[in-house]
Amino acid sequence: MASSTPLSYLDAEKLVRVPKTMWARHEFCFYIHDQMLHLLREADASHMRSMEVDLTSEEQQAFLATPEDPIGVLLQTSKRVETKRLLLNHVMLALTADMLDFLYDGLIALSKRKYVVGFALLRKPLRETLFYLSLLLSDEEEFFRLFENGPAHGLRLREFRPDQRKSIFSGAINAMLIDDLFSATHLNDTVFDKSNPNGLAILFDQANHLVTSFNANLKTDSLNFNFVFKNPEDDDVFHTTYPQLAYALMYMFGIVTSLFSRTLPIDREYVGRLVLIMFAVYHSLFCRGSSGLLRQINLAFGELLKCSVCEMPFVIRKSNAPRFFVAERMVCKRCGSDTDFPILWLLGQAKLSFAKPADASPR
């Protein structure tokens, strides 16, 4: 059975309207958000948004003569490659910041049972921003070509067929710093497929439109408007949303870290360990049956995992894994002490990671 033990990651007052059996799932989504926010802040504090250029006298004259469009002028100079990198860095940072803003407010709205607001806010980062970042990671040259020629003519979502979206997701997965852990088909079905009764696309459309009629799953019932008369105390939304949302957020983390690594010195082993943590928690929260991943981790940790008070050996189970990996704590069944564990250090000692070898990541 999937774990429902709170992770102690968020303050309890932020979770009072979330069903207690869903606290860990909500906290896990915020944990992934916060990992991306931490990376964004580091990137924003770097020099990704600036560059020094040495122009010829003719290029300088053109640059000074067109102060309203410095980037456009620089793209026509001998510094086009550097200017393109600077512009793409701006795009990455701006899109990621916008994505995380909407994601944060969407999760807050869900925690307050404001379902319409929550899904309306989650639609943009998951359906639009994440797709564009996937295209950027998958094919940087094509992204820049479409962006430079005018997004209104080539970057509208409606212009990408399902098979094209899947191909872009596949390309992004192959270009990640981490092993191929995601499914392009599952991502497309979850975020875009309005015929998928278990996906998020239906909820996105119903939250943004009072009346929908795409198919039987989306058709608004008679004497009804989408979500308007829904009882906010119903818990069904919490049960159906978090598995798909958490999966999409883990993919989002893989996209953001891989994109930023093109400019920042990001440790791929560190990223691989964070992703391993996320998948270990995901398996514990959402997957039925035993977890082969947890078995491998227990074997790898060996004698490193024991109570600091009575030295009783610990075993990571699905019931305690989410709190262990996120809050880095585990309660000893023998003496009752709540032991603190440096998870990333343990993973390093056990040489566990989902990182690809450095020469396996296409650019």
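Modeller: Buried means under 20% relative accessible area, exposed means over 50%, and partly exposed lies in between (1.4 Å probe, protein chains only). This is a predicted model: local features need pLDDT of at least 70, side-chain atom pairs count only at pLDDT 80 or more, and totals for chains, interfaces and linings use all residues. Residues are numbered from 1 along each chain as its sequence is written, and side-chain values use heavy atoms, leaving out hydrogens and water.

Biologist: Is Cys335 buried, exposed or partly exposed?

Modeller: Cys335 has 36% relative accessibility, so this residue counts as partly exposed. Now take Cys29. Its relative accessibility is 0%, so Cys29 counts as buried.

Biologist: How many disulfides does the structure have?

Modeller: A disulfide is a covalent bond between the sulfur atoms of two cysteines. The search looks for a pair of cysteine sulfur atoms within 2.5 Å. Over the whole structure it finds zero disulfides. Cys29 is in none, and its nearest cysteine sulfur, that of Cys287, is 14 Å away.

Biologist: Which residues have the most contacts inside the largest nonpolar core?

Modeller: A nonpolar core is a set of buried Ala, Val, Leu, Ile, Met, Phe, Trp, Tyr and Cys residues joined through side-chain atoms within 4.5 Å. The largest one here has 113 residues, and Phe28 and Phe325 have the most contacts inside it. Helix H11 gives the most to this core, with 16 residues. Helices (H or I, at least four residues) and strands (E, at least two) are DSSP runs, numbered from the N terminus.

Biologist: What is Phe28 in contact with?

Modeller: Contact means heavy atoms within 4.5 Å. Set aside neighbours within four places in sequence. Phe28 then touches Leu7, Ala246, Met250, Met278, Val281, Tyr282, Leu285 and Phe286.

Biologist: And a polar residue, Asn89: where does it lie?

Modeller: Asn89 is in helix H4, residues 80-111. With 4% relative accessibility, Asn89 counts as buried. Beyond neighbours within four places in sequence, Asn89 is in contact with Met48 and Thr263.

Biologist: Why is H10 largely enclosed by the rest of the structure?

Modeller: Seven of its eight residues are buried, so H10 is largely enclosed. Among the buried ones are Ile202, Phe204 and Gln206. Their cover includes helix H5 (115-138), helix H9 (184-191) and H11.

Biologist: What volume has the largest pocket?

Modeller: On a 1 Å grid over the protein atoms alone, a pocket is an open set of points where a 1.4 Å probe fits, with protein on both sides within 12 Å along at least five of seven lines; lining residues have an atom within 4 Å of a point. The largest pocket has a volume of about 440 Å³. It is lined by 24 residues, and Ile202, Leu203, Gln206, Asn217 and Phe227 are the closest to its centre. Helices H10 (201-208) and H11 (236-260) are the elements that give two or more residues to this lining. H11 gives the largest share, five residues.

Biologist: Which residues lie nearest the centre of the second largest pocket?

Modeller: They are Val315, Asn320, Met330, Val331 and Lys333, from a lining of 14 residues. Helix H14 (321-326) and strand E1 (329-331) are the elements that give two or more residues to that lining. E1 provides the largest share, three residues. This second pocket holds about 290 Å³ of space.

Technical notes. Grid points are joined across faces, edges and corners, and a volume is the space filled by probe spheres set on the points.
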